[in-house]
Amino acid sequence: MLTFVLLYLPIVTLVVYAFNAGNSIALWEGFSLRWFISAAQNERVQEASIRSLVVAAIAATIATLAATMAALATTRTRPYRGLTFKYAFINQPLMVPEIVTAVALLIVFSRIKVWTGYSGIGYLLAAHTAFCIPFAYLPIRARLEGMDLTLERAAADLYARPWMTFRRVTLPLLRPGIIAGFMLAFVISLDDVVITEFVKSAGQETLPTYMLGQLRRVVTPEINAIATAFLALSVAIVTIFFFVNRKKA
């Protein structure tokens, strides 16, 4: 019980003070939506929020497509030597500390920037996509492993081509896993700070890195309001992920 109190009490405090009417984050001065309105009208917050959503959506989409193909390739085949290595290779970002991945990406991308002169948002998209693939892969692979192969075999017995079997049989049954994988990858990308902080170039702030930068300056309840909205979005996505998995089960 004490563990849950220590874990959730700071979050509850943050949410409560997001509705504080005053300028203090420690002294309650009445209820108000002032800081939510201020955050919504802040152009830097708007820009960072849009960039976060765009990066998360693109990275999650590409990661889900790659994870789906990887899951099919590693489950719809007979066991062979090296298959375990492929599992470990795909899930490697989960096993390596995120700071190590961030430093490695920084070194590689800095060299590419020198060679090409390109410093756009493509590096951020590539980093988020690579990091999100194993998160999308896990629920998709779990769904494939739990599927009954009878319908796929029946389609093959009726002379359906592999693509037709996949489109008409496998894909509809796999859809809950794909949706769950996409949402998990989306929220992981949306919440990422460490990799984004190391990879991004100037003018490419996402909402988490913007909040981190503001914490180094004067902290106002506006940060609480942004964090509360961010928390609500993350909780909504995770809740949808839970119900999709529950429906799948």
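This is a predicted model: local features need pLDDT of at least 70, side-chain atom pairs count only at pLDDT 80 or more; totals for chains, interfaces and linings use all residues.
Local features require pLDDT of at least 70 and side-chain atom pairs pLDDT 80 or more, whereas totals for chains, interfaces and linings use all residues. Residues are numbered from 1 along each chain as its sequence is written, and side-chain values use heavy atoms, without hydrogens and water.

**Overview. The protein has twelve helices and zero strands.** Helices (H or I, at least four residues) and strands (E, at least two) are DSSP runs numbered from the N terminus. The C-alpha atoms fill a box of roughly 70 × 50 × 35 Å along the principal axes. Of the 249 residues, 40% count as buried; buried means under 20% relative accessible area, exposed over 50%, and partly exposed in between (1.4 Å probe, protein chains only). Contact denotes heavy atoms within 4.5 Å. Among contacts with a separation of 6 or more, 71% join residues 24 or more positions apart.

**View 1. A nonpolar patch lies on the surface.** Its members are Phe4, Leu7, Tyr8, Ile11, Val12, Val16, Trp28, Phe31, Leu33, Ile37, Leu231 and Val235, with about 1100 Å² of accessible area together. Such areas come from the Shrake-Rupley method with a 1.4 Å probe; for residues, only the protein chains shown count as cover. Patches consist of residues with over 30% relative accessible area and no salt bridge, in which like charges are joined within 9 Å and nonpolar side chains (Val, Leu, Ile, Met, Phe, Trp, Tyr) within 5 Å. A salt bridge is a side-chain nitrogen of Lys or Arg within 4 Å of a carboxyl oxygen of Asp or Glu. Helix 1 (2–17) and helix 12 (221–248) each supply at least two residues of the patch, and helix 1 gives the most, with six.

View 2. Leu33 counts as partly exposed because its relative accessibility is 43%. The side chain of Ser32 reaches the backbone nitrogen of Arg34 at 3.0 Å. Beyond its neighbours within four places in sequence, Ser32 contacts Ala18, Phe19, Asn20 and Ala21.

**View 3. Thr129 is found in helix 7 (residues 122–146).** Thr129 counts as buried because its relative accessibility is 11%. Neighbours within four places aside, Thr129 is in contact with Ala59, Ile62 and Ala63.

**View 4. Ala127 also belongs to helix 7.** With a relative accessible area of 1%, Ala127 is buried. Leaving aside neighbours within four places in sequence, its contacts are Leu105, Phe109, Ile195 and Val199. The C-alpha atoms of Ala127 and Leu106 are separated by 9.7 Å, the two residues being 21 apart along the chain.

Note on methods:
A polar contact is a pair of N or O atoms within 3.5 Å; within protein, one must be able to donate a hydrogen and the other to accept it, and residues adjacent in sequence count only if both atoms are side-chain atoms.
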